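Some notes on the ligand site follow, as numbered points. Please read them with the structure open.

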Amino acid sequence: MSENGEAPSHIAIIMDGNGRWARQRGLVRIRGHKEGVESVREITRECAKKHIRQLTLYAFSQENWKRPRREVNLLMKLLKDFLIGERGEIEENNIRLTAIGRISGLPEDVQRELAISIEESKDNTGMVLCLALNYGGRSEIVDAAKNIARSVKAGKMGLEEITEETFRRFLYTSEMTDPDLLIRTGGEMRVSNFLLWEISYTELWVTPVCWPDFRKRHLDEAIQEYARRERRFGGLQE
Ligand code: IPE
Ligand code: IPE
Ligand code: MG
């Protein structure tokens, strides 16, 4: 088998298992989310150090609104605190912050802090840190389809111009390459509506380690495993 031998340029992570991490310790779920912020810090710093070009973190799904209000409120507060508290770290590491998802559906104070962090970091030239917030893969595709329909209706685009390449330009992720490696912590073998279009040929790596326990060594393990994979994209081995 031929290994690709390379480092992934874009890593996406489904940061799962915060609740279970807390339950295993007899703590409330919220404690798991708080600890999870530490993992976000460490993994972001590590990826920036390794010159990974983009890190996309699934922080809040569209379906996560189904959770108890208390938990949702706390997640929004943690997000807001993270945005405010990490500005220095983002600057120091030359990181450019971006976000995908239906951002207008987030609480206004979170939207405001997000906009400030994005604006402040927009000229940074290092790693792109993309937060998936109020994100759903199917909505992303539906939103793209709607915008394409608008363009066609307005006569700005012809039907025959709708191709995989032009479709991509209407996705939230139009600016980015597809993830090379998708990590899911917490052991579930599912995609949970994350980046459905973008992960068609992404290498998947699932670890039973819960997100609050996920550290540099686990990231290294995932990256080493990625380098051993042979990516064929439907073709044949050389
Ligand atoms: C992931 O951890 C965090 C979010 C979805 C925001 P969970 O809260 O889903 O933790 P588990 O899966 O219940 O353990
Ligand atoms: C996926 O985790 C969403 C995030 C990590 C933000 P969930 O815990 O929401 O996924 P399911 O419900 O187990 O599929
Ligand atoms: Mg979960």
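1. A pocket here is an open set of grid points with protein on both sides within 12 Å along at least five of seven lines, computed over the protein atoms alone. The model is a predicted one. Its largest pocket is the space taken by ligand 1.

2. Which residues surround ligand 1? The shell runs through Met15, Asp16, Gly17, Asn18, Gly19 and Arg20. Arg29, His33, Ala59, Asn64, Arg67 and Leu75 complete the list. By class, five of these residues are polar, four are charged and three are nonpolar.

3. Two helices each supply at least two residues of this shell: H1 (18-24) and H2 (29-49). H1 gives the most, with three residues.

4. Asp16 has a side-chain N or O atom 2.8 Å from an oxygen atom of ligand 1. For Arg29, a polar side-chain atom also lies 2.8 Å from a ligand 1 oxygen. For Arg67, the corresponding distance to an oxygen atom of ligand 1 is 2.7 Å. Ligand 1 exposes 380 Å² when taken alone, and the protein buries 86% of that.

5. Where does Asp16 sit? Asp16 is in the loop between strand E1 (10-14) and H1.

6. Now the record. In an unreviewed UniProt entry, the annotation "binding site" covers Asp16 and Glu203. Of these residues, Asp16 is included in the lining of the largest pocket. Asp16 also belongs to the shell around ligand 1.

Notes:
Residues are numbered from 1 along each chain as its sequence is written. Chains are lettered from A and ligands numbered from 1 in the order in which they are written. This is a predicted model: local features need pLDDT of at least 70, side-chain atom pairs count only at pLDDT 80 or more; totals for chains, interfaces and linings use all residues. Side-chain values use heavy atoms; hydrogens and water are left out. A residue is near a molecule or strand if one of its heavy atoms lies within 4 Å of it. A polar contact is a pair of N or O atoms within 3.5 Å; within protein, one must be able to donate a hydrogen and the other to accept it, and residues adjacent in sequence count only if both atoms are side-chain atoms. Accessible areas come from the Shrake-Rupley method with a 1.4 Å probe; for residues, only the protein chains shown count as cover. On a 1 Å grid over the protein atoms alone, a cavity is a set of points where a 1.4 Å probe fits but cannot get out, and a pocket is an open set with protein on both sides within 12 Å along at least five of seven lines; lining residues have an atom within 4 Å of a point. A molecule sits in a cavity or pocket if more than half of its atoms lie within 2 Å of its grid points. Helices (H or I, at least four residues) and strands (E, at least two) are DSSP runs, numbered from the N terminus. Ala, Val, Leu, Ile, Met, Phe, Trp, Tyr, Cys and Pro count as nonpolar, Asp, Glu, Lys and Arg as charged, and the others, Gly among them, as polar. UniProt positions are given in the numbering used here, feature names are shortened, and annotations may be inferred rather than shown by experiment.
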